[in-house]
Amino acid sequence: MDGGDISGEGEEFRRIILITGTPGVGKHTVARALQSRMEQAGDAGWQIVDINEVARAEGLLDAAGGYDPASDTTDVDANTLSDAARGALAAPGRYIVVGHLAPYVVPADDVILAAVLRRNPYELIRVYEEREYSERKAKENAGAEMLGTISFDTYAARYGATGQYDTTGRGAQETARVILADVGRLCRGGGSGDGDGLAPQSASPDSSDTGGTWEPGERIGWHADKTSYEKMLRDIMPGWPGGTV
């Protein structure tokens with residue numbers, strides 16, 4: 001397989017690759033592409049666990065009083081969902097866990113890589129229009145993407161390794177290829193890994209405590225230019241006061 005074997009064949013093991021990010025960044029299509037690439041490389045058996053489906057199976061998306069019509073969102077009890085997620089991942093196996101709620105409910109145990117997908121908010125707004133999101137819901141999600149809310153929270157969860165991947169203008173197969181290459185490097189001990197399939201704690205991209213070691217992930221292009229970024233904030237979040245972000 002590209003990037004190295006991560007199957008752990010012949011062992012009682014659990015291996016998890018977590019795919020998360022703001023709604024609309026392409027999580028599910030990338031997860032399926034990643035699963036397909038593994039199968040083509042002879043590493044079959046990776047199961048996709050959709051955290052939204054776990055929540056739905058537990059009735060958490062239909063909980064009385066959880067729906068807010070103003071924002072068109074449903075509050076989910078994180079503790080209950082966390083217990084359900086642990087149950088879905090209890091058996092030894094290989095899992096691709098996907099969902100924007102994943103970093104809030106999936107424990108760090110056995111996670112090889114937490115991949116945070118990022119996407120230019122202008123593209124996200126178009127996706128939300130196609131999905132017929134309310135204006136408020138679209139702006140809140142696009143604003144969360146600009147501010148890197150899920151990215152920040154995923155790094156804070158202290159998974160074995162965390163990286164960001166830019167899906168802007170790029171197909172799911174290419175994103176899956178880049179993620180898989182990083183997983184392979186981690187499992188071979190590339191950079192800071194020790195070769196046993198579980199990398200040690202990684203620092204966030206803006207941390208000074210990286211020791212010069214290789215970190216998974218890639219530069220987020222749309223996020224790099226400060227002037228364009230601030231214009232984006234004003235366009236999508238009209239009340240933005242400007243200044244340093």
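Which residues of helix 1 are buried? Select helix 1 in this predicted model and colour by accessibility: the buried residues are Lys27, Val30, Ala31, Ala33, Leu34 and Met38. Look down the axis of helix 1: these residues fall within an arc of 165°, so they line one face of the helix. An α-helix has 3.6 residues a turn, so residues three or four places apart point the same way.

**Whole chain**

Zoom out. The chain has 245 residues, and 45% of them count as buried. Its secondary structure comes to 10 helices and seven strands. Of the contacts with a separation of 6 or more, 78% are between residues 24 or more positions apart.

**Helix 1 and its neighbours**

Return to helix 1, residues 27–40. From its first C-alpha to its last, this 14-residue helix reaches 20 Å, close to the 20 Å expected at 1.5 Å a residue. Now show what surrounds it: the buried residues of helix 1 pack against strand 1, strand 2 (46–50), strand 5 (93–98), strand 6 and helix 8. Just after the helix, select glycine 42, where phi is positive at about 85°.

**Helix 8**

Next select residues 172–188, which make up helix 8. Its 17 residues should span 24 Å at 1.5 Å a residue, and its end C-alpha atoms are 24 Å apart, which agrees. The buried residues here are Thr175, Ala176, Val178, Ile179, Leu180, Asp182, Val183, Gly184, Leu186 and Cys187. They pack against strand 1 (14–21), helix 1, strand 6 (111–118) and strand 7 (162–166). Glycine 189 follows helix 8 and has a positive phi, near 90°.

**The nonpolar cores**

Show side chains for Ile19, Leu34, Leu113 and Ile179. These are the residues with the most contacts inside the largest nonpolar core, which has 38 residues. Among the elements that each supply at least two residues of this core are strand 1, strand 5, helix 5 (121–130), helix 6 (135–147) and helix 10 (226–236). Helix 8 gives the largest share, seven residues.

Centre on isoleucine 19. Leaving out residues up to four places away in sequence, isoleucine 19 touches Lys27, Leu34, Ile96, Val97, Val98, Gly99, Ala115, Leu117 and Ile179. Leu34 is one of the buried residues of helix 1, and Ile179 is one of those of helix 8.

Another core, of 19 residues, lies apart from the largest one; to find it, select Ile16, Leu89, Ala102 and Tyr159, which are among its members.

**An aromatic pair**

How many aromatic pairs does a search of the whole structure find? The search finds one. Select tyrosine 128 and tyrosine 133: the pair is stacked, 4.7 Å centre to centre, with 10° between the planes. Tyrosine 128 is buried, with a relative accessible area of 0%.

**Two loop residues**

Move to the loop between helix 5 and helix 6 and select glutamate 132. Is this residue buried or exposed? Glutamate 132 counts as exposed because its relative accessibility is 70%, above the cut-off of 50%. Its phi is positive, about 60°, although it is not a glycine.

Finish at aspartate 110, in the loop between helix 4 (102–105) and strand 6. Aspartate 110 also has a positive phi, near 70°, in a residue other than glycine.

Conventions. Residues numbered from 1 in each chain as written. Predicted model: local features only at pLDDT ≥ 70, side-chain atom pairs only at ≥ 80, totals over all residues. Heavy atoms only, no water. Helix = DSSP H or I, 4+ residues; strand = E, 2+ residues; numbered from the N terminus. Expected span 1.5 Å × (residues − 1). Buried < 20%, exposed > 50% of the residue type's maximum accessible area, 1.4 Å probe, protein only. Contact = heavy atoms within 4.5 Å. Arc of directions from axis to C-beta. Core = buried A, V, L, I, M, F, W, Y, C linked by side-chain atoms within 4.5 Å. Phe/Tyr/Trp six-rings, centres within 6.5 Å; stacked < 30°, edge-to-face > 60°.
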